[in-house]
Amino acid sequence: MSFLSPLALIGLTLVALPVIVHLLARRRAARLDFPTLRFLRETPSFRLHPRSLRQPLLLALRVLALVLLILGLARPLIAPRPSSQKTRLILLDASLSMRAPHRAEAARAEARAIINSLAQGERAALISLSTEAVALAATTVERAELLAAVEKYEPGSGPIDYNKGFAAAAALLEREAPGAAEVELISDFQQSNFTGLTAQLSRLNARVNPHAVGASLERNAFLSDEEVWKGARGVELSAAEIVSSAEGRSGARRAWTIAASAGEQPDIIWRTEANGQLTGSIKALAPDDFDADDERFFAFVPPRSARALLIETDAETSLYTGAALEAAASSFDESHALLTRQRQLPAQASDLNPYALVVLTLHGQLRADELRVLTDYAAAGGTVWLSLARTADAPQLNALAQSEAGSALPFMSLTRLTAGRAWNLGAADTAAPALRFMSEKTVSALRAIVVREGYALEPRAGADTLMRWSDGAAAFVSTRIGAGRLLLLCVSTESAASGLGSSPALPSLVYSILREAASPREPLSYTLGAAINLGVAPESSVTITEQSGRVTQAKASALMQRPLSVFKEAGIYRLETEAGARFVALNPPVSESERSLADAADVQRYFDGKEPSTPAGGKEWREAAERGGNIWRYFLGAAFLLLIAELFVRARRQSRSRLMSAGIRSES
Amino acid sequence: MAADSSNTTSATTRLLRPSILASIGRLDLIARTVVEGFLAGLHRSPYRGISQEFAAHRPYIAGDEVRRVDWRVYARTDRLYVKEFEEETNAPVRLLLDTSASLKYAPGDASKLDYARYLTAALAYLAIRQNDRVGLVCLDTEARERTPARGGQRHLHSLLALLERISASGQTRLGPLILREAGQWKRRGLIVLVSDLYDAPVEIVEAAVRLRRVGHELIVFHLLDRAERFIEHRGTREFRDLETGEVLLADADRVRRSYIERMDEMRAFFLREFTRAGADYAELDTAEPLDKALAVYLRRRKAKGSR
């Protein structure tokens, strides 16, 4: 039986009231002076037991009526009698940490022991649980089948997600006949994976029995927090090597320089792929007890140096913008942050490749060939920052934007701001890549700038608006072109156009744009089990080539929704889509590398002894339970009848007592 | 006329109820009210004929008591005549009053002791009115307030005053005490025991047998209240023994039947044994009028006189 309003059951404490009343009634017996006790003493039933209650039948009726009343108010649900058949779901932790010495074998042994202890006719299923739950054996009564499935169990390289396991178990139980269910969870209970369990557990409607296997590692070394940048000597790669031991955590940052297209050292191996990406792996060198997480893979587009090219189209903007670029560049390591000035835009995009950022203020017209050079440079990973001067030829730019050659421009049209009044910048998207290194103070300073001449844009679809004018029109937009970006600011640093050139906010704005331009465009690696977005249609086919040369096919949506079914192991994968080839590196989660496991108290707190609020069962059971939801009326009716019976018994007892006195007297 | 007589009788009976007598207060008034009321209705009551009978008139001679002159005859005949009764025994009447603590039981307005007091006073009044000598002994742990048998109004007043001040206390052993008192009496007479008889029944009966054996007449008035006899109390009570102070917790409703059986056994025992011993045994409900007791007394008194 379960209850729709279980809080009403607190009222059961009221059952004590009639008992107390009867006890008090017994204690309140009045004293009576009587001539002699001789005949009372000779009466066999003269003595009332000191602890006995008066009128036990009345008390029983009262207590029972109260209990039924409260049970009725708690809205009981009486479901059809559940089947005596019991179902056991055996969840085996298949996360990376289970690769620690002896844990997998211990898990298998525990699973075998559970299977061998199954009662006759008891059903069980075996589920391997990591980021996803995979059924190794469907629900069956065949022990041999289950034992064979145990041998198929192998820990993977991903993290564990208990919630997924419980959700899978709940789904499996939905399909089962109603009856008792228990979940046998076999895991090493890695310390960091217990968050958010309670809600899912409460929905499971089955008792969870934890089985901890394995012991904490003595010592584990692993790598994390990789960073990369372009230095003077080449690509600089660094990572933190962390040693987790019984004494605590210690760590040191290690750095590698990738100067050649390929190379191999004891702790690093890399090569340059055909698409320009650098792929390889680094290794933790500290001795430890767990080897599965010692190697860390990477795959990235080599970043550009923090070098900027300023195209000097006029003296004033060159002065202000150049000064800001000089200041921004000085914030970087001097060895690789440089500013170059040129009068003309190079004719070839390849001439721009050494630079992370190209800055250009547009006066008059922008030719289609100039735009092509800039877009080619951006497609290769560069960042182009255009500003519109007062003398920009708006009609020509609009015409170019409307043409096929100008499709890379981030706007559909632009118009001059109304002359004769002052304008200000308004909202800014400080989460956008180009502005993410700016402080709020800089944004406020930008808003304080008075603009006399500028342009308002109608952004092209897919373009991001970084800042707006105070009236809401777009003022600063960005669009992705290949691996790079093109930024367009609708005001220049000319003093006649605005106060931007002399504003202290300008160096900060320039720094943020330059730093973003010099950063890698993609993460160095993904965590196993995390969704991978290739930026293609979900139904697109992806050809996946593993390091071993094995080739598989998958939908792009699968990489988003079930990544662990596609990428089972850490490593480097080549992904080929209609947009081209790309390499991704996958590493196990750092949470699986911590040496210590949850202590017994934590495991106890989360799992042990949690009885389900309602018996497990399928939809049919629940529907039947809901149909039986009116049973409370019968409880209240029964309570009412009992109260009437109580009144009747009380009245009858009183009259009988009176009659007995009178009757005996008359007999005498 | 018949209706008038009936009204008079019922009014008298009502007057004799203990609850009404308690409101009168003074014991001498109570005694007179009871006895005169009783005698006034006697000729119309079932007790008719048990009074001391009038025999004849004889002419007054010097030395006769003036109060025995029949003034009604003098009024009609203008001669002095003296009333002569059938017999004047002048035998002593000894009233034995139980004053043990159990007599303090008072379920209503009057206690059993009050009832015993009214009864004893009425008997004394009646006896002295009939020229008997009356003595009184109060019995609890000892024999107290021992008053020798005498006649006359002054003696009656002293008896009534004594009865006014007595109180109930202690336990009693009636049998031995009665025998001890009887050993001091030189003349045989009428012994009236007023008691609830809560003592060793065999000892009491033995005492009665021995009193009868030496020639005493014996009347036993057994006082029992209705509430006491049927345990008219309800529910669980702490019953405290008025004599011993002992306390028992019991549910009156549960023990009632068995209690009454025991009580009836005792009543039957006394009735049987006193009858066998030749004593008059009368059970008196303390809620009922005293006329029954007076009738019993007169019947015994007449029997003794005719012997």
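This is a predicted model: local features need pLDDT of at least 70, side-chain atom pairs count only at pLDDT 80 or more; totals for chains, interfaces and linings use all residues.
A residue counts as buried here if 20 or more other C-beta atoms lie within 10 Å of its own, C-beta atoms being placed from the backbone. By that criterion B:Ile231, which has 25 C-beta neighbours inside 10 Å, is buried.

B:Ile231 is found in the loop between helix H9 (226-230) and strand E8 (236-241) of chain B, and its phi is positive, about 40°, although the residue is not a glycine. Most residues other than glycine have a negative phi. A second residue of this kind is B:Glu145, where phi is near 50°, again a positive value in a residue other than glycine. B:Glu145, however, is placed in strand E5 of chain B, and with 15 C-beta neighbours inside 10 Å it counts as partly exposed.

An α-helix has 3.6 residues a turn, so residues three or four places apart point the same way.

Helix H8(B) in turn has a helical partner, H10 (residues 252-277) of chain B, the two axes coming within 9 Å and crossing at roughly 15°. Because an angle under 35 degrees counts as roughly parallel, H8(B) is described as roughly parallel to H10(B), which it passes in a right-handed crossing. On the side of H8(B), the contact is made by B:Pro201, B:Val205, B:Ala208, B:Val209 and B:Arg212, while H10(B) contributes B:Met266, B:Phe269, B:Phe270, B:Glu273, B:Phe274 and B:Ala277. Sorted by class, this contact has 9 nonpolar residues, no polar ones and 2 charged ones.

Taken as a whole, chain B has 11 helices and 10 strands, and 39% of its 307 residues count as buried. Of the contacts in chain B with a separation of 6 or more, 74% are accounted for by residues 24 or more positions apart.

Chain A has 668 residues, of which buried residues make up 40%, and its secondary structure comes to 17 helices and 30 strands. Among its contacts between residues at least 6 apart in sequence, 75% join residues at least 24 apart. A:Met412 lies in strand E20 (residues 411-416) of chain A and, with 15 C-beta neighbours inside 10 Å, counts as partly exposed. Leaving aside neighbours within four places in sequence, A:Met412 is in contact with A:Ala401, A:Glu458 and A:Arg460.

The axes of helices H4 (residues 103-116) and H5 (residues 143-152) of chain A come within 10 Å and cross at roughly 175°, which makes H4(A) roughly antiparallel to H5(A). In this pair A:Arg108, A:Ala111, A:Arg112 and A:Ile115 of H4(A) meet A:Arg143, A:Leu146, A:Leu147 and A:Val150 of H5(A), a contact with 5 nonpolar, no polar and 3 charged residues.

How values were computed: Residues are numbered from 1 along each chain as its sequence is written. Chains are lettered from A and ligands numbered from 1 in the order in which they are written. Axes are lines fitted to C-alpha atoms, for helices over the stretch in contact, and angles run from 0 to 180 degrees between N-to-C directions. Helices (H or I, at least four residues) and strands (E, at least two) are DSSP runs, numbered from the N terminus. Angles under 35 degrees count as roughly parallel, over 145 as roughly antiparallel, 65 to 115 as roughly perpendicular and the rest as oblique. A crossing is left-handed if the near helix is turned anticlockwise from the far one by less than a right angle, and right-handed if clockwise. Two residues are in contact if their C-beta atoms, placed from the backbone, lie within 7 Å. Ala, Val, Leu, Ile, Met, Phe, Trp, Tyr, Cys and Pro count as nonpolar, Asp, Glu, Lys and Arg as charged, and the others, Gly among them, as polar. A residue is buried if 20 or more other C-beta atoms lie within 10 Å of its own, exposed if 12 or fewer, and partly exposed in between; C-beta atoms are placed from the backbone.
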